[in-house]
Amino acid sequence: MSPEQELLLQILAAVAWSDGRLTRQEIRLLLDQLVPEFAGQDGVNQDHLWSELYDRLFAYYDLEELLQKSPPDHHREWLLRLSYLLIQAGASPGETAIVPAEQRAYRRLVEWLNLPPEVVDQIEQTAQADVIFHQGQPLAALRAQIEQFFGGT
């Protein structure tokens, strides 16, 4: 895993945990997408990598500390879009609103990425359209974005 991918994983984990929980669906989605990609790069055992990434998802990542680093120039929009989908995917069944802690983490990420407001609006609208396209399933939309980023279909 490259240092940039590691940073992206840590930020996504910190955002996902910002509401104090990480659902099984979120874990499964991230591992199902990331393990094959990272195993392909180094030829490592997928079971071992699954375990390693699983452990990393449960490590504590301080979002504020991570945001002291420079944002990845060419993945800023992707990171924002994935974070938007991830916090929507973390909602409990029947929830329609993002919980305040997730909203704060997301807004902090928006500030850090320093994207123009019109770009942020476009990313959010596109992400919401993806959720609607995937029949209201943020996890399906998130899976599509992860596959696109890591070279899947």
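These legends accompany several close-up views of a predicted model.

**View 1. Helix H1 meets helix H3.**
Start with two helices, H1 (residues 3–17) and H3 (residues 46–58). Their axes come within 9 Å and cross at roughly 50°. Which residues meet here? On the H1 side, look for Glu6, Leu9, Ala13 and Trp17; on the H3 side, find Leu53, Arg56, Leu57 and Phe58. Sorted by type, the residues of this contact comprise 6 nonpolar and 2 charged, with no polar ones.

**View 2. The largest nonpolar core.**
Now turn to the largest nonpolar core, a group of 42 residues. Ile11, Leu53, Leu57, Leu79, Leu80 and Leu109 have the most contacts inside this core. Two or more residues come from each of H1, helix H2 (24–42), H3, helix H4 (63–66), helix H5 (76–89), helix H6 (100–113) and helix H7 (117–133). H1 gives the largest share, with 9 residues. As general background, nonpolar side chains tend to be buried together in soluble globular proteins.

**View 3. The neighbours of Leu79.**
Here we zoom in on one residue of the core, Leu79, which is among those with the most contacts inside it. What does Leu79 touch, once residues up to four places away in sequence are not counted? Its partners are Leu8, Ile11, Leu12, Leu109, Trp112 and Leu113.

**View 4. Trp50 and Tyr54, a stacked pair.**
The whole structure holds 4 aromatic pairs, according to the search. In the pair of Trp50 and Tyr54, the ring centres are 5.2 Å apart and the planes lie at 10°. Planes under 30 degrees apart count as stacked, so this pair is called stacked. Trp50 and Tyr54 are 4 residues apart in helix H3, which means that about one helical turn separates them. Are these two residues buried, exposed or in between? Trp50, at 35% relative accessibility, counts as partly exposed, and so does Tyr54, at 31%.

Phe58 counts as partly exposed, at 37% relative accessibility. Finally, Trp17, Trp50, Tyr54 and Phe58 form one aromatic cluster. Trp17 and Phe58 were also named in View 1, where H1 meets H3.

Terms used. Residues are numbered from 1 along each chain as its sequence is written. This is a predicted model: local features need pLDDT of at least 70, side-chain atom pairs count only at pLDDT 80 or more; totals for chains, interfaces and linings use all residues. Side-chain values use heavy atoms; hydrogens and water are left out. Axes are lines fitted to C-alpha atoms, for helices over the stretch in contact, and angles run from 0 to 180 degrees between N-to-C directions. Contact means heavy atoms within 4.5 Å. Ala, Val, Leu, Ile, Met, Phe, Trp, Tyr, Cys and Pro count as nonpolar, Asp, Glu, Lys and Arg as charged, and the others, Gly among them, as polar. A nonpolar core is a set of buried Ala, Val, Leu, Ile, Met, Phe, Trp, Tyr and Cys residues joined through side-chain atoms within 4.5 Å. Buried means under 20% relative accessible area, exposed over 50%, partly exposed in between (1.4 Å probe, protein chains only). Rings of Phe, Tyr and Trp (its six-membered ring) pair if their centres lie within 6.5 Å; planes under 30 degrees apart count as stacked, over 60 as edge-to-face and the rest as tilted.
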